Amino acid sequence: MISFDRVSVTYHGAAHPTIRDVTLEIGEGELWLVAGPTGSGKTTLLRTINGLVPHFTGGLLSGTVRVAGRNPRDHPPRELADLVGFVAQDPAHGFVTDTVEEELAYAMEQLAVPPAVMRTRVEETLDLLGIADLRGRPLRDLSGGQQQRVAIGSVLTAGPRILVLDEPTSALDPTAAEEVLAAILRLVHDLGMTVVLAEHRLERAVQYADRLIQLSADGMARSGDPQALLADGDIVPPVVELGRLAGWEPLPLSIRDARGRASDIRDRLVRPLTAERRGDGPIAMAASGVSVRYGSIVAVRDVSVDLREGEVTVLMGRNGSGKSSLLWALRGVGRRSAGRVLVGGVDPASVGDDDARRLVGLVPQAPGDLLYLETVAAECERADLDAGASAGTTRTLLDELQEGIRSDAHPRDLSEGQRLALVLAIQLAAAPAAILLDEPTRGLDYPTKRRFAGILRTLARSGHAVLVATHDVELAASVAERVLVLAAGDLVADGSPEEVLTASPALAPQVAKVIGPGWLTVDQIREAMLSGVKAEAGR
Amino acid sequence: MGERLGSGATPRTVHPGAWWIWAIGLAIAASATTNPLLLGLIIGVVALVVQARREDAPWGRGFGLYLRVGLLIVVLRVGLRIFFGGEYGTTVLFTLPEIPLPDWVAGIRIGGEVTAESILAAFYDGLRLATIVICFGAANSLANPKRLLRLLPNALYEVGAAVTVALSMAPQLAESVARVRRARRLRSGRGGPRAVLLPVLEDALDRSVSLAAAMDARGYGRSAGESAARRRATAGLLILGLLGASIGLYALLDASAPVPFGAPTLGVGLALVVVGIWTAGRRTRHTHYRDDPWAAAEWAIVASTGAALALLVLGASIDPASLHPSLVPLEWPTLAMLPTVGVLVAGLPAVLAPMPPLRAALAESTPTVTPAASTVQP
């Protein structure tokens with residue numbers, strides 16, 4: 001269906017090709033998963049399939065791509081719309097019309113499909129994706145998962161045989177991600193659609209993939225059977241890591257595969273006696289009765305929570321459950337309809353911006369919003385001035401968070417992880433007692449996420465109270481010492497990660513699903529196996 | 001045309017053209033009068049219809065904004081008149097300290113005597129402008145402006161698409177500015193306008209590029225194998241035609257130009273434009289999904305505004321003073337029978353037009369909230 005023969009893409013002005021010598025043969029009706037670290041060319045690879053590279057982006061493409069007999073080099077993307085459906089990363093940015101039905105019809109209007117055919121195809125697509133009840137709804141009022149399914153539907157109506165999706169679940173909470181993946185699987189199984197999918201969170205998708213393409217940072221690609229490819233390499237989901245640790249052959253890719261074989265290690269696990277206990281640091285931030293209302297909509301209802309120094313607290317909940325509203329209300333910049341927040345006896349909402357950020361620092365969901373200068377060095381100097389810190393403070397903090405960020409680099413050219421580190425360093429320069437982070441790991445690969453988890457723990461050890469809002473359960477499992485769950489604005493759970501994260505399947509990390517309640521991360525299992533071995537030897 | 005009117009009508013989207021004609025009719029009515037009572041009545045009728053028949057969607061939630069713009073217009077108009085008032089009328093209400101100006105700015109005065117006549121004149125004038133703005137706001141809230149653009153002839157499809165995209169960019173830009181301004185406070189709020197402008201521009205650019213990529217990938221701009229020669233011929237026709245039409249129009253309006261020259265040039269120019277649009281229209285091939293029907297409700301809406309205008313004109317011919325209350329001498333404005341009835345007739349679509357589908361569904365699922373009771377959101 002799709003074949004790549006020694007394909008390389010070099011963008012204008014780039015010293016090295018973004019993807020290099022990629023050779024692939026994708027069969028009809030297969031589901032291929034594209035994995036690789038940030039910046040390894042996943043999006044570029046996907047865009048060569050429908051001709052956006054090089055027609056839309058520019059750059060030099062060498063080698064041959066063939067898609068169902070057509071060469072995308074000779075056909076611009078619009079001529080391939082009836083063959084390849086392409087769904088970009090942020091569906092809301094690609095919407096042209098206002099309502100679900102019109103959006104589904106848009107591609108067909110461009111292809112001059114007769115109105116009667118349009119009506120039936122829209123109906124089929126609505127049913128296929130389970131969005132029939134959204135038919136007339138305005139696109140802006142939809143949730144993230146709904147928008148993603150509408151975006152998929154909007155390319156399906158053109159009748160393509162190939163569907164290309166760029167990180168379809170990265171912005172979604174676990175439940176919404178399940179819905180989107182289920183819809184994609186239905187297309188593969190029921191319609192024989194060929195699907196190529198890029199995804200950072202392998203734990204969500206790898207079990208469904210027929211084939212895996214692994215891109216490395218230098219643009220080289222390996223492709224083949226997921227189990228074989230995942231046996232080495234450092235971008236693997238927790239269940240595979242667990243399988244490697246336990247020496248299972250073949251490697252499990254899904255919970256189901258792993259669960260059956262987990263019994264043999266389950267008995268060997270000895271829970272470490274000196275589990276770190278928390279909840280004894282002094283209270284850094286005391287919030288009581290915080291509510292946020294927008295008109296008639298209640299985003300946060302009467303939330304009271306104390307954050308302690310030295311503790312990483314994770315705030316979880318569905319998309320739209322009020323996590324961001326709560327963070328902004330705690331910081332004192334966002335709307336707060338009721339309640340008070342005290343940090344060192346002062347409410348950050350009652351003092352000026354300069355004083356407030358010495359009490360609480362917030363890293364917003366789009367960290368780039370805070371950056372406006374030409375170089376990293378200029379941003380750091382400005383941050384020292386703004387915070388009244390001694391010169392070089394921010395740069396030192398940045399180096400502690402992440403080494404190797406060049407001073408003369410433009411902040412826009414940094415990778416997502418580097419930009420996050422820069423904004424975090426800027427906020428830390430004011431030495432706040434509490435630091436809040438809104439959805440920090442969106443778009444980060446596993447190694448970056450692991451490093452970032454380390455950063456959060458270091459921050460807490462150095463005496464900050466840390467609150468992270470996220471729907472990434474694996475991140476929560478690896479850093480949380482306390483978990484809060486918001487549902488429709490109410491605080492519905494507050495407890496240790498062992499209790500809260502294993503209580504519901506939507507929040508449970510893979511390790512908990514495989515081994516059982518009480519276990520959260522592969523590192524825990526590794527330690528427990530080691531102490532199990534020691535216990536055996538000591539007997 | 002077997003459609004029922006009124007509350008029994010099946011919920012559906014009304015043809016956007018009908019709402020626009022209705023609103024333009026009322027705007028014309030408003031422009032014909034300075035009677036504040038009549039203008040107030042028009043605003044009331046427009047607000048009533050919007051409240052009763054707007055869709056529960058983003059474009060249906062903006063009416064409050066237009067009301068506020070209207071208020072701003074009135075306040076500005078009256079405020080300016082108080083400070084830069086001319087000598088008009090004799091009923092002095094109060095006297096502001098006057099700033100002496102040099103002779104060469106004769107005719108402009110700052111401060112001085114403020115008369116009731118001049119304030120009222122400014123108020124009437126401002127209210128008239130505000131009413132016109134509110135009428136257009138009503139059209140925007142009742143009919144999705146993007147659906148109106150779909151009515152453009154095929155030749156103007158690209159123009160329509162560009163305007164559509166621009167229309168969606170505006171609210172996104174506003175959101176993005178609000179978000180960045182809020183984020184800036186996290187960093188002491190310094191950095192000047194640049195600190196807001198740069199991230200906002202970057203955001204807008206990113207969005208535009210993603211939108212363009214998405215449109216391209218979904219087949220926007222597929223050509224139906226048009227030859228370059230024909231494309232050039234079409235463009236030539238359009239340019240020549242527009243040029244001819246402009247010259248002709250100028251000649252017609254300019255009294256010194258020889259009259260026989262104007263009309264034919266205008267005619268030939270317009271004919272060329274029509275031919276150009278026709279050939280261009282054959283170039284791009286599109287189909288339309290669910291064109292809005294023009295049925296009984298649309299006729300009723302257009303008829304209501306037509307009746308209003310007719311009654312207004314009739315009323316004006318009987319009693320011209322009723323549309324323009326006298327300022328010198330000061331008189332209390334009164335409502336004449338015919339114009340009042342006319343404006344009230346224009347309010348009939350509030351019951352005659354079918355309910356929009358989403359609002360109807362909402363009313364069904366929550367029977368306690370009747371649509372009439374729900375308020376227009378600001």
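**Talking through a two-chain predicted model**

Trainee: Asp127(A) is found in helix H4 (residues 115–128) of chain A. Does Asp127(A) count as buried or exposed?

Mentor: Keep in mind that we're looking at a predicted model. Asp127(A) has 10 C-beta neighbours inside 10 Å. The cut-off for that class is 12 or fewer, so Asp127(A) counts as exposed.

Trainee: How far apart in space are Asp127(A) and Gly153(A)?

Mentor: Along the sequence, 26 residues separate Asp127(A) and Gly153(A). In space, C-alpha to C-alpha, the gap is 10.0 Å.

Trainee: How much can I trust chain A, and where is confidence lowest?

Mentor: Chain A averages a pLDDT of 89, with 97% of its residues scoring at least 70. Confidence is highest in strand E7 (residues 194–198) of chain A, at 96. At the other end of the scale, with a mean of 77, sits helix H21 (residues 522–538) of chain A.

Trainee: There's an open sheet of 3 strands in chain A; what order do the strands have?

Mentor: The pairing in this sheet is antiparallel. Strand E2 (19–26) and strand E4 (60–67) of chain A stand at the edges, each with a single partner strand, so each has one side without a neighbour in the sheet. From one strand to the next, the twist averages 15 degrees. With E2 and E4 of chain A at the edges, the order reads E2-E1-E4.

Trainee: Which residue in E2(A) is the bridge partner of Phe4(A)?

Mentor: Strand E1 (residues 2–10) of chain A runs antiparallel to E2(A), and 5 bridges join them. For Phe4(A), the bridge partner in E2(A) is Leu24(A).

Trainee: Now helix H1 of chain A: how many of the 8 residues of H1(A) are buried?

Mentor: Helix H1 (residues 42–49) lies across E1, E2 and E4 of chain A, at about 125 degrees to E1(A). The buried residues are Lys42(A), Thr44(A), Leu45(A), Leu46(A), Arg47(A), Thr48(A) and Ile49(A). After the helix comes Gly51(A), with a positive phi near 85 degrees. H1(A) is largely enclosed by the rest of the structure, because its buried count is 7 of the 8.

Trainee: How are H14(A) and H15(A) set relative to each other?

Mentor: The axes of helix H14 (residues 376–387) and helix H15 (residues 393–401) of chain A come within 7 Å and cross at roughly 120 degrees. The contact uses Cys380(A), Ala383(A) and Asp384(A) from H14(A), plus Thr393(A), Thr394(A), Arg395(A) and Leu398(A) from H15(A). Those residues divide into 3 nonpolar, 2 polar and 2 charged. Angles of 65 to 115 degrees would count as roughly perpendicular, and the two helices are therefore oblique.

Trainee: On to chain B. What share of its 378 residues counts as buried?

Mentor: Chain B has 13 helices and 2 strands. Among its contacts with a separation of 6 or more, 79% come from residues 24 or more positions apart. The buried share of chain B is 34%.

Trainee: Which helix gives the largest share of the side of chain B that touches chain A?

Mentor: The contact takes 41 residues from chain B and 47 residues from chain A. Helix H6 (157–184), helix H7 (192–217) and helix H13 (357–365) of chain B each supply at least two residues of the chain B side. That side divides into 18 nonpolar, 10 polar and 13 charged residues. Its largest share, 13 residues, comes from H7(B).

Definitions and conventions: Residues are numbered from 1 along each chain as its sequence is written. Chains are lettered from A and ligands numbered from 1 in the order in which they are written. This is a predicted model: local features need pLDDT of at least 70, side-chain atom pairs count only at pLDDT 80 or more; totals for chains, interfaces and linings use all residues. Two strands pair if DSSP finds at least two bridges between them. Helices (H or I, at least four residues) and strands (E, at least two) are DSSP runs, numbered from the N terminus. Axes are lines fitted to C-alpha atoms, for helices over the stretch in contact, and angles run from 0 to 180 degrees between N-to-C directions. Two residues are in contact if their C-beta atoms, placed from the backbone, lie within 7 Å. Ala, Val, Leu, Ile, Met, Phe, Trp, Tyr, Cys and Pro count as nonpolar, Asp, Glu, Lys and Arg as charged, and the others, Gly among them, as polar. pLDDT is the predictor's confidence in each residue, from 0 to 100. Angles under 35 degrees count as roughly parallel, over 145 as roughly antiparallel, 65 to 115 as roughly perpendicular and the rest as oblique. A residue is buried if 20 or more other C-beta atoms lie within 10 Å of its own, exposed if 12 or fewer, and partly exposed in between; C-beta atoms are placed from the backbone.
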